[in-house]
Amino acid sequence: MDLIEIKKLIASKKLLCTIFGHNIVTSKKITNNLKEYKCTVCKMELTNDEKGGITFLTPELKEINEALGTFCQKKLTVKQH
Ligand SMILES: [Zn+2]
């Protein structure tokens, strides 16, 4: 690997995550068991899967999470009245 490639990797911040690991924070809480996570360094997004594990947040999963969040909020509103 030459210096230009290393510099590119550092600029993309992916190398930092490769070396130090991702700095994951919770970006969105959808339900008690379903959250979205984000790496503050490389902006990689993750979410919980149905088995309670962690998976990459694809645009499809993001849509499902949003729909679920709206659904749960509506349920909560109904309960409160
Ligand atoms: Zn990262």
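Read along the sequence, the chain of this predicted model follows the pattern α-α-β-β-β-β-α, with 3 helices and 4 strands in total. Helices (H or I, at least four residues) and strands (E, at least two) are DSSP runs, numbered from the N terminus. The radius of gyration of the chain is 17 Å, well over the 12 Å that the globule rule gives for 81 residues, so the chain is more spread out than a compact globule. This radius is taken over C-alpha atoms, and the globule rule is 2.2 Å times the number of residues to the power 0.38. The C-alpha trace spans about 65 × 20 × 20 Å along its principal axes.

Residues are numbered from 1 along each chain as its sequence is written. Because the model is predicted, local features need pLDDT of at least 70 and side-chain atom pairs count only at pLDDT 80 or more, whereas totals for chains, interfaces and linings use all residues.

Of the 81 residues of the chain, 2% count as buried. A residue is buried if 20 or more other C-beta atoms lie within 10 Å of its own, exposed if 12 or fewer, and partly exposed in between, with C-beta atoms placed from the backbone. Among the contacts in the chain with a separation of 6 or more, 24% are accounted for by residues 24 or more positions apart; two residues are in contact if their C-beta atoms, placed from the backbone, lie within 7 Å.

The strands form an open sheet of 4 with the order 1-2-3-4 and antiparallel pairing. Strand 1 (24-29) and strand 4 (54-56) stand at the edges, each with a single partner strand, so one side of each is left without a neighbour in the sheet. From one strand to the next, the twist averages 35°; axes are lines fitted to C-alpha atoms, for helices over the stretch in contact, and angles run from 0 to 180 degrees between N-to-C directions. Two strands pair if DSSP finds at least two bridges between them.

Strand 2 (residues 35-39) and strand 3 (residues 45-48) run antiparallel and are joined by 3 bridges. Tyr37 stands opposite Leu46 in strand 3. The two strands form a hairpin with 5 residues between them, and Lys43 in the turn has a positive phi of about 70°. Strand 3 also pairs with strand 4, in the antiparallel sense, over 3 bridges. Here the bridge partner of Leu46 is Phe56 in strand 4. A hairpin with 5 residues between strand 3 and strand 4 is formed, and Gly52 in its turn has a positive phi of about 90°.

In strand 1 lies Lys28, which is partly exposed, with 16 other C-beta atoms within 10 Å. Not counting residues up to four places away in sequence, Lys28 touches Lys35 and Glu36. Lys28 and Thr47 are 19 residues apart in sequence, and their C-alpha atoms are 9.3 Å apart in space.

Leu15 counts as partly exposed, with 16 C-beta neighbours inside 10 Å. Leaving aside neighbours within four places in sequence, Leu15 is in contact with Leu9 and Ile10. Between Leu15 and Cys42 the separation is 27 residues in sequence and 9.2 Å in space, C-alpha to C-alpha.
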